[in-house]
Amino acid sequence: MICAAGSGGGWEISMFEEERKISILNKIQSDGKVSVSVLARKYNVSESTIRRDLTSLENSGFIKRTHGGAILQGAANKDYFYNEKKNFYLSEKKEMARVAASLVRPGSTIFLGTSTSTNLMAQCLTSANLTVVTNSLDVMNVLSQHSDYNLVIIGGNYIKSARTIEGMTSLEQISKLHFTQAYLGANGIDLKFGLSTSSDIEANSKSAVMKNSSEVYYLCEPAKFNRISAYKISDLNQVTGLITDASLDADIREAYSKLCRIITEV
């Protein structure tokens, strides 16, 4: 991140756009509201730039624009808040995590993205001599106790609500790595639109991981199928497999199997 803290608590030079938006989001989550003029001074950019940042964050469902600023989005949109959804479809996610972990081969280099399902998958890993790369705080905490694994933490800006590390620094590090397998989560899966998520920031990092992975798997419970979120990640034919629960409707499974492999058991 090309920035330096100033004595007054602001920034001496401008941030990359991705990192600035993450910083703004964290400030709104901390303070409850922000004003355009204050943010423009803090980040040393124009008010029109801040308005574009706030519009992007609003489109992602994080915040709500107000006259002259923004406030934290209320209960109407909870799509991205990790702690509020970690217990949704828990039994299905546990089974998906078990299936996903069984696909990991000893000695592999794998990427575990930030999602409630990949966190459960980290708890199920038994393959030996793995290198695990992650941008998830929870995956890091789980695997930091595993002495047999080489754990690599992606750096960048921390998004509190999603417990994930994102931004330009993350993208630069991901671009220099190669993964045998990547295990990711999505907010929506659609036959035409493909895989999608609620944040452009998150979509960028998932796309970067996919580009540098030999195999790509998405862990998505049945409720995610036939659903479209705001930002496209990729088409379904770019995915090695969709790992889901056996309760997936037979007609839905048949339709999606024409585009990619559907995995419910091993």
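**Burial and core packing in the predicted model**

Ser 199 counts as buried because its relative accessibility is 0%, where buried means under 20% relative accessible area, exposed over 50% and partly exposed in between (1.4 Å probe, protein chains only). The structure is a predicted model in which local features need pLDDT of at least 70 and side-chain atom pairs count only at pLDDT 80 or more, whereas totals for chains, interfaces and linings use all residues. Residues are numbered from 1 along each chain as its sequence is written, and side-chain values use heavy atoms, with hydrogens and water left out.

Ser 199 lies in the loop between strand 11 (194–197) and helix 9; helices (H or I, at least four residues) and strands (E, at least two) are DSSP runs, numbered from the N terminus. The side chain of Ser 199 reaches the backbone nitrogen of Ile 201 at 3.1 Å and the backbone nitrogen of Glu 202 at 3.2 Å.

The protein contains 10 helices and 15 strands. Of its 266 residues, 53% count as buried. Contacts are defined by heavy atoms within 4.5 Å. Among those between residues at least 6 apart in sequence, 60% join residues at least 24 apart.

In soluble globular proteins, nonpolar side chains tend to be buried together. A nonpolar core is taken here as a set of buried Ala, Val, Leu, Ile, Met, Phe, Trp, Tyr and Cys residues joined through side-chain atoms within 4.5 Å. The largest such core has 27 residues, and those with the most contacts inside it are Phe 111, Ile 189, Leu 195, Tyr 218 and Leu 242. Two or more residues each come from helix 8 (168–174), strand 9 (179–184), helix 9 (200–211) and strand 12 (213–219). Helix 9 gives the most, with four residues. Not counting residues up to four places away in sequence, the residues touched by Leu 195 include Ile 189, Tyr 218, Tyr 231, Ile 233, Val 239 and Leu 242. A second, separate core of 23 residues includes Ile 110, Tyr 149, Tyr 217 and Ile 263.

Helix 3 spans residues 47–59. Its buried residues are Thr 49, Ile 50, Asp 53, Leu 54, Ser 56 and Leu 57. These lie on the same side of helix 3 because they cover an arc of only 155° around the axis, the arc being that of the directions from the helix axis to the C-beta atoms. Their cover includes helix 1 (17–31), helix 2 (36–43), strand 2 (63–66), strand 3 (69–72), helix 9 and strand 13 (231–234).

How values were computed: The expected span of a helix is 1.5 Å times one less than its number of residues. A polar contact is a pair of N or O atoms within 3.5 Å; within protein, one must be able to donate a hydrogen and the other to accept it, and residues adjacent in sequence count only if both atoms are side-chain atoms.
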